[in-house]
Amino acid sequence: RILPRFYHERVVDHYNNPRNVGAFDKNDPTVGTGLVGAPACGDVMKLQIKVDEETGKITDACFKTFGCGSAIASSSVATEWVKGKQMEEVLTIKNTEIAKHLSLPPVKLHCSMLAEDAIKAAVKDYETKRSNNKSLPDKKA
Ligand code: FES
Ligand code: FES
């Protein structure tokens, strides 16, 4: 448990009760996986989204973070924020908004950056998979 005195209660809450911890099958064509690392400390975050192929809406999200409390809290918040949103919309989520929400101290800003990067990487992964599937030769042609 991390010390409430040093961290905003939201960090403590997300750290002690992280939302959406888990993993989806990364080979599922409706899943996008973002795996990013923080060069500053070596912490690693995996964030996954499940996308409705018709609407481009993110129907579900989960994460696994091997890192500090702020990184865990940031990824927990990130999964909550992306759920129910369009992919274009979540690309505008800034680490500074996450950091502000959690009142992260300056030395912990890079932890929220990990979450922003993970969201972007997950969307990119989904889109890459999707375009690869589309470019498969049409057997009937
Ligand atoms: Fe120690 Fe991230 S480097 S918790
Ligand atoms: Fe590196 Fe938090 S200390 S992600």
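Reply: Axes are lines fitted to C-alpha atoms, for helices over the stretch in contact, and angles run from 0 to 180 degrees between N-to-C directions. Helices (H or I, at least four residues) and strands (E, at least two) are DSSP runs, numbered from the N terminus. The model is predicted: local features need pLDDT of at least 70, side-chain atom pairs count only at pLDDT 80 or more, and totals for chains, interfaces and linings use all residues. Residues are numbered from 1 along each chain as its sequence is written, with chains lettered from A and ligands numbered from 1 in the order in which they are written.

Me: At what angle do helix 4 and helix 5 pack?

Reply: Helix 4 (residues 95–102) packs against helix 5 (residues 109–134) at about 125°, and their axes are 8 Å apart. Angles under 35 degrees count as roughly parallel, over 145 as roughly antiparallel, 65 to 115 as roughly perpendicular and the rest as oblique. Helix 4 is therefore oblique to helix 5.

Me: Which residues make the contact between helix 4 and helix 5?

Reply: Two residues are in contact if their C-beta atoms, placed from the backbone, lie within 7 Å. Helix 4 contributes Asn95, Ile98 and Ala99, while helix 5 contributes Leu109, Ser112, Met113, Ala115 and Glu116.

Me: How many bridges join strand 2 and strand 3?

Reply: Strand 2 (residues 44–51) and strand 3 (residues 58–66) are joined in the antiparallel sense over eight bridges. Lysine 50 has aspartate 60 of strand 3 as its bridge partner, and glutamine 48 stands opposite cysteine 62 in strand 3. The two strands form a hairpin with six residues between them, and glycine 56 in the turn has a positive phi of about 75°.

Me: What does the UniProt annotation cover?

Reply: UniProt positions are given in the numbering used here, feature names are shortened, and annotations may be inferred rather than shown by experiment. The unreviewed UniProt entry annotates residues 7–131 as "domain: NIF system FeS cluster assembly NifU N-terminal". In the model, that span is 46% helix and 19% strand, with its end C-alpha atoms 42 Å apart.

Methods: Pairing = 2+ DSSP bridges.
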